Amino acid sequence: MKGFIKYVAAELGLGRPGEDPPNICEGTDRYAMFKVGPVLSVSHGMGVPSIAIMLHELLKLLYHARCSSVTIIRIGTSGGIGLEPGSVVITRQAVDAYFKPEFEQVVLGKRVVRPTDLDERLVQELSECSKDLREFRTVVGNTMCTMDFYEGQGRLDGALCCYTERDKQAYLQAALAAGVQNIEMESSVFAAMCRACGLRAAVVCVTLLDRLEGDQICSPHNVLAEFQQRPQRLVGLFIKKCLAGA
């Protein structure tokens, strides 16, 4: 996130070259937060519980700061389904492991289900930005959010595995048939919370591997580093266009 805010600062012409942005949340180790102009860049850790904690605290901060016209975009990495590594996925819907566009949580012993649809107009705007970039393949599709990196995503290389390669392939093909293009671990609660708060939100993730081809990342480090910059470049262009039209 520090790298992203430095990239945005350079793109927007804000700050001085080589300036090191301070971590606004230096007093906590839960996440880091950086700011340049009207842009906040916040880390959220791994998985639904981690990003949910950050979102509760960030949304309260935005409310008390009386921020308006807020757009929140999660950028990150994922595993693709039928996509070559390095492809970028703009999420239409965040779905659960049953391919349903909902996030389920137990609140005071009761089952609470919230929808996980993301802002359609924002998805379109990001898609248009990808056409302007024309640097890498970008698709719009559903993103499956799981509660686990190994069994929850059908991996065969975890400590526990009670299924076969054939079982895994059948599940991934079913996900693909349901419109799922990639898998990660944060999008469902992110979409649900932002929607519940009436905020424009999007998820933009790069794929590091094609899960139909295997469970482990094989690309060299320098290639992965470039892959991870792709969502940053796409979202950076979107921010630049938004501020230019403001």
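**Ground rules**

I am working on a predicted model, where local features need pLDDT of at least 70, side-chain atom pairs count only at pLDDT 80 or more, and totals for chains, interfaces and linings use all residues. Residues are numbered from 1 along each chain as its sequence is written, and side-chain values use heavy atoms, with hydrogens and water left out.

**Entry 1: strand β3**

I began with strand β3, residues 71-80. Helices (H or I, at least four residues) and strands (E, at least two) are DSSP runs, numbered from the N terminus. I looked up burial, where buried means under 20% relative accessible area, exposed means over 50%, and partly exposed lies in between (1.4 Å probe, protein chains only). In β3, 7 of the 10 residues are buried, which leaves the strand mostly covered.

Next I checked the neighbours of β3. Two strands pair if DSSP finds at least two bridges between them. Strand β9 (residues 200-210) runs parallel to β3, with 9 bridges. G80 stands opposite D210 of β9. Strand β8 (residues 180-184) is antiparallel to β3 and is joined to it by 2 bridges. There, G79 has I183 as its bridge partner.

**Entry 2: rings**

I looked up aromatic pairs and found 2 in the structure. One of them is F149 with Y150, edge-to-face, at 5.1 Å centre to centre and 85 degrees between the planes. The rule: rings of Phe, Tyr and Trp (its six-membered ring) pair if their centres lie within 6.5 Å; planes under 30 degrees apart are stacked, over 60 edge-to-face, the rest tilted. F149 is partly exposed at 36% relative accessible area. Y150 is partly exposed at 38%.

F149 has another contact. The charged end of R155 sits over its ring, 3.8 Å from the centre. For that label, NZ of Lys or CZ of Arg must be within 6 Å of the ring centre and within 35 degrees of the ring normal.

**Entry 3: a nonpolar patch**

I24, L40 and L61 make a nonpolar surface patch of about 240 Å². Patches take residues with over 30% relative accessible area and no salt bridge; like charges are joined within 9 Å, nonpolar side chains (Val, Leu, Ile, Met, Phe, Trp, Tyr) within 5 Å. I traced L61 to helix α2, residues 48-64. L61 is partly exposed, with 41% relative accessible area.

**Entry 4: salt bridges**

I found 17 salt bridges in the structure. Each is a side-chain nitrogen of Lys or Arg within 4 Å of a carboxyl oxygen of Asp or Glu.

D20 bridges to K2, with the closest N and O atoms 3.0 Å apart. This pair links distant parts of the chain: D20 is in the loop between α1 (2-12) and β1 (33-36), K2 is in helix α1, and they are 18 residues apart. K2 is partly exposed at 33% relative accessibility.

R200 and D119 meet at 4.0 Å, N to O. They are 81 residues apart: R200 is in strand β9, D119 in the loop between β6 (110-115) and α3 (120-133). R200 is partly exposed at 24%, and D119 is partly exposed at 25%. Both belong to a network of salt bridges that links D119, R121, E125 and R200.

I ended with R230 and E226, a salt bridge at 3.0 Å between the closest N and O atoms. The two are separated by about one helical turn, because they are 4 residues apart in helix α6 (residues 221-244). R230 is buried at 14% relative accessibility, whereas E226 is partly exposed at 27%.

Note on methods. Accessible areas come from the Shrake-Rupley method with a 1.4 Å probe; for residues, only the protein chains shown count as cover.
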